[in-house]
Amino acid sequence: QVQLVESGGGLVQPGGSLRLSCVGYGMIFRIYAMGWYRQAPGKQRELVAAITTGGITNYADSVKGRFTISKDNAKNTMYLQMNSLKPEDTAVYYCNTAAGNGSWGQGTQVTVSS
């Protein structure tokens, strides 16, 4: 049974940083392109960062230059380093395959507020 578990969210002030983690159980990360998604209240879930099996990364324009996605295949873990956080980054963050066709976890709440 495939399970993705996100962690690392929290409350942070504007300009602050957080590092999210995603651990995959029952799946082999190295054979999938993976992504981080977020869903803000009243909005649709959006893909904010993706990483291919070869390590090529892509970012939504809204987070480019501030967020960094990485993956440790040996640990079946993916990360999202978020710097220079803005209030508009407030959302529940999820990990999944880049195609979005894996199992959705509970997500981790990120709140950026002073």
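Predicted model: local features only at pLDDT ≥ 70, side-chain atom pairs only at ≥ 80, totals over all residues.
**Stop one: Ser 21.** Select Ser 21, which you'll find in strand S3, residues 18-25. Buried or exposed? It counts as buried, because its relative accessibility is 17% and the cut-off for buried is under 20%. Now show what surrounds it. Setting aside neighbours within four places in sequence, Ser 21 is in contact with Val 5, Glu 6, Ser 7, Trp 36, Met 78 and Tyr 79. Keep Trp 36 and Met 78 highlighted for the next stop.

**Stop two: the core.** Trp 36 and Met 78 belong to the largest nonpolar core, a set of 26 residues. Along with Leu 80, Met 82 and Tyr 93, they touch the most other members. In soluble globular proteins, nonpolar side chains tend to be buried together.

Zoom in on Met 78 while you're here. Again leaving out neighbours within four places in sequence, Met 78 has contacts that include Leu 20, Ser 21, Cys 22, Phe 29, Trp 36, Ile 51, Ile 69 and Cys 95.

Pick Ile 28, in the loop between S3 and S4. With a relative accessible area of 44%, Ile 28 is partly exposed.

**Stop four: the salt bridges.** How many are there? The count comes to 4. Start with Asp 89 and show its side chain together with that of Arg 38: the two meet in a salt bridge at 2.9 Å, N to O. This pair links distant parts of the chain, with Arg 38 in strand S4 and Asp 89 in the loop between S8 and S9, 51 residues apart. Both Arg 38 and Asp 89 are buried.

Stay on Asp 89 and bring up Arg 66, its partner in another salt bridge at 2.7 Å, N to O. Here too distant parts of the chain are linked: Arg 66 sits in the loop between S6 (57-59) and S7, 23 residues from Asp 89. Arg 66 is buried, as is Asp 89.

**Last stop: Lys 64.** Lys 64 forms a salt bridge with Asp 61, with the closest N and O atoms 3.1 Å apart. Lys 64 and Asp 61 are both exposed.

How values were computed:
Residues numbered from 1 in each chain as written. Heavy atoms only, no water. Helix = DSSP H or I, 4+ residues; strand = E, 2+ residues; numbered from the N terminus. Buried < 20%, exposed > 50% of the residue type's maximum accessible area, 1.4 Å probe, protein only. Contact = heavy atoms within 4.5 Å. Core = buried A, V, L, I, M, F, W, Y, C linked by side-chain atoms within 4.5 Å.
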